[in-house]
Amino acid sequence: SLGRFFVGAENYLNAARDVIELYATSKDTFSAPLRRRIKNLGILDPGKLQELLENAKVFVGVGFPYDGPAPLEALAHGCVFLQPRFLPQRSTKNDEFFKGKPSSRSLSSQHPYLEKLIGEPYV
């Protein structure tokens, strides 16, 4: 796939890249514009990922996966978690991920629990 998690996040990532150096840990290949802006380290073993997070200042979410553990790991290592807000909120009405699932959730961001329970300036 061509960076399926990054589809639709190009403008957001370009804005972030203007102020910070971006790294990814993805098995996916990226579109040519993203390859110029992001250094993809590939899948890292847990020790290397921990080392990367220990040296990072900001963890940039791209909107998916929802409620994943990586932002929690990043926060535990002292990173700020930057995530996009969803307008309109994502739900069974407008997101294929929720289609056919018994969920009435409506997400305001990639990690709404962190947004609400931790909040600014860390999330």
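**The nonpolar patch and the pockets**

Tutor: Leu 117 is found in helix α5. Its relative accessibility is 72%, so Leu 117 counts as exposed; the cut-off for that class is over 50%. Bear in mind that this is a predicted model.

Leu 117 belongs to a nonpolar surface patch of about 660 Å².

Now to the pockets. The largest pocket has a volume of about 1000 Å³. Its lining counts 37 residues. Nearest the centre lie Tyr 23, Ala 24, Thr 25, Phe 59 and Val 60. By class, the lining of the largest pocket holds 24 nonpolar, seven polar and six charged residues.

Which elements build this lining? At least two residues each come from β1 (22-24), α3 (46-55), β3 (58-60) and α4 (70-76). Helix α3 gives the most, with six residues.

Stay with helix α3 for a moment. Leu 52 sits in this helix. Leu 52 counts as partly exposed because its relative accessibility is 27%. That value falls between the limits of 20% for buried and 50% for exposed. Look also at Leu 52 together with His 77. In sequence, 25 residues separate Leu 52 and His 77. In space, their C-alpha atoms are 9.6 Å apart.

Next comes the second largest pocket. About 250 Å³ of space lies in it. The lining of this second pocket has 17 residues. Gly 8, Val 62, Gly 63, Phe 86 and Arg 90 lie nearest its centre. Strand β5, residues 85-90, gives the most to this lining, with five residues. Sorted by class, the second largest pocket is lined by twelve nonpolar, two polar and three charged residues.

The largest pocket draws most on α3, where Leu 52 is found. The second largest pocket draws most on β5.

Note on methods: Residues are numbered from 1 along each chain as its sequence is written. This is a predicted model: local features need pLDDT of at least 70, side-chain atom pairs count only at pLDDT 80 or more; totals for chains, interfaces and linings use all residues. Side-chain values use heavy atoms; hydrogens and water are left out. On a 1 Å grid over the protein atoms alone, a cavity is a set of points where a 1.4 Å probe fits but cannot get out, and a pocket is an open set with protein on both sides within 12 Å along at least five of seven lines; lining residues have an atom within 4 Å of a point. Grid points are joined across faces, edges and corners, and a volume is the space filled by probe spheres set on the points. Helices (H or I, at least four residues) and strands (E, at least two) are DSSP runs, numbered from the N terminus. Ala, Val, Leu, Ile, Met, Phe, Trp, Tyr, Cys and Pro count as nonpolar, Asp, Glu, Lys and Arg as charged, and the others, Gly among them, as polar. Patches are made of residues with over 30% relative accessible area and no salt bridge: like charges are joined within 9 Å, nonpolar side chains (Val, Leu, Ile, Met, Phe, Trp, Tyr) within 5 Å. Accessible areas come from the Shrake-Rupley method with a 1.4 Å probe; for residues, only the protein chains shown count as cover. A salt bridge is a side-chain nitrogen of Lys or Arg within 4 Å of a carboxyl oxygen of Asp or Glu. Buried means under 20% relative accessible area, exposed over 50%, partly exposed in between (1.4 Å probe, protein chains only).
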